[in-house]
Amino acid sequence: PFRLNAGLPIPSTNMELQAAVVLRLKLYMPQAFANFSYLMYTTTNYFYDHRRYKEFLAGGTHMRHTLTIKMQSRKYSVIIESGLFQNIGKIWGELFAGKKIALITDENIQQLYENLLKKQLDASQCDWEIIALPPGDTSKSFDTLTVIYKRLIEFQITRDDVIVALGGGVVGDISGFAAATFLRGIDFVQIPTTLIGQVDSSIGGKNAVNLPEGKNLVGTFYQ
C-alpha cells in the first residue's frame, strides 16, 4: 500500500528506517498500526546497527527471530527467518508428521513458486494437496469457500490435519475462514507474502469473506 521511500529521503540509520515505517503505517494503515508496531519494533531492533541491516538486505547475514503471541487460553509462535521458505518442508515434517497438508494459495503465487513449493511439500513427507484460487478480492466469496470445502472433502481432510495459507490478505482471509469453520476448526498455518497478510489475517488472526451487500461481513478471529 505504500513505498518506504516515497517522497522522503531514503533512511540512513536504523532509527530513521523504523520512523519511516511507523509514519507510513499511521498515514495509510491506522488499523494495522497497533498490531504491526510491536512486530516492527522487535524485528528492527534485532538489527542493532544499520550496517547489519544492509548486510541482511544483501544476503550477508542470516536472520532468525521467533515471537510468542500470548492469548488468554493459548499461545502460538511467529517465526521470522531469512530463507525460511527454502527449508519449510523440513519444519512441516517435524510439526505435522503423519498428517495431511492442504495448501491454499492463488494462481499467481503457484505459477511463480510451484516447483519450489512442491519440493518443500515432498520434503515434509506428508500427503499434500495444493488448492490454487483465482487472484484478487473476488475470491473472498462463499462461492470460492464452497470450492475449498469440496476440495478438502475430496482430499479427506480430518480434524487432525492442517491447512496452510500461502499468499496475501485475500488468501489469508479465505483460508483462515475455511480452517475456522471446516469440521468446526482444524490446525492452521499462515505464510504471508504481503504486509497486509502479515499483520492482519496472519498475526491478528482476522479473516472474512465478502457478501454481495458488502466486504468482510462474515468472518472470525482464528489464531
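This is a predicted model: local features need pLDDT of at least 70, side-chain atom pairs count only at pLDDT 80 or more; totals for chains, interfaces and linings use all residues.
Residues are numbered from 1 along each chain as its sequence is written, and side-chain values use heavy atoms, with hydrogens and water left out.

The protein chain contains eight helices and eight strands. These elements are DSSP runs numbered from the N terminus, with helices (H or I) of at least four residues and strands (E) of at least two. Of the 223 residues of the protein chain, 45% count as buried; buried denotes under 20% relative accessible area, exposed over 50%, and partly exposed the range in between, computed with a 1.4 Å probe on protein chains only. Among contacts (heavy atoms within 4.5 Å) between residues at least 6 apart in sequence, 63% join residues at least 24 apart.

Four strands are arranged in an open sheet with the order S4-S3-S5-S6, and their pairing is parallel. Two strands are taken to pair if DSSP finds at least two bridges between them. From one strand to the next, the twist averages 20°. Strand S5 (residues 162–167) pairs with S6 in the parallel sense over six bridges, and Ala-165 stands opposite Gln-190 in S6.

Two helices were found against these strands. Helix H6 (residues 142–154) packs on the sheet and touches strand S3 (100–106), S4 and S5, with its direction at about 165° to that of S4. Helix H7 (residues 169–181) lies across S3, S4, S5 and S6 and runs at about 170° to S5. For these angles, axes are lines fitted to C-alpha atoms, for helices over the stretch in contact, and values run from 0 to 180 degrees between N-to-C directions.

The buried residues of H6 are Thr-144, Leu-145, Ile-148 and Leu-152. They cover an arc of only 100° around the axis, which puts them on the same side of H6; the arc is that of the directions from the helix axis to the C-beta atoms. The cover over the buried residues of H6 includes S3, S4, S5 and H7. On the face of H6 turned away from the buried side are the exposed residues Asp-143, Lys-150 and Ile-153.

Lys-150 also takes part in a salt bridge with Glu-154, in which the closest N and O atoms are 3.3 Å apart. Both residues lie in helix H6, four residues apart, about one turn of the helix. An α-helix has 3.6 residues a turn, so residues three or four places apart point the same way.

The structure holds six salt bridges, each defined as a side-chain nitrogen of Lys or Arg within 4 Å of a carboxyl oxygen of Asp or Glu. One of them joins Lys-118 to Glu-114, with 3.1 Å between the closest N and O atoms. This pair lies in helix H5 (residues 107–123), the two residues being four apart, about one turn of the helix. Lys-118 is partly exposed, with a relative accessible area of 33%, and Glu-114 is partly exposed at 27%. A further salt bridge is formed between the side chains of Lys-215 and Asp-137 (2.7 Å, N to O). Lys-215 lies in strand S8 (residues 214–221) and Asp-137 in the loop between S4 and H6, so the pair ties together parts that are 78 residues apart in sequence. Asp-137 is partly exposed, with a relative accessible area of 32%.
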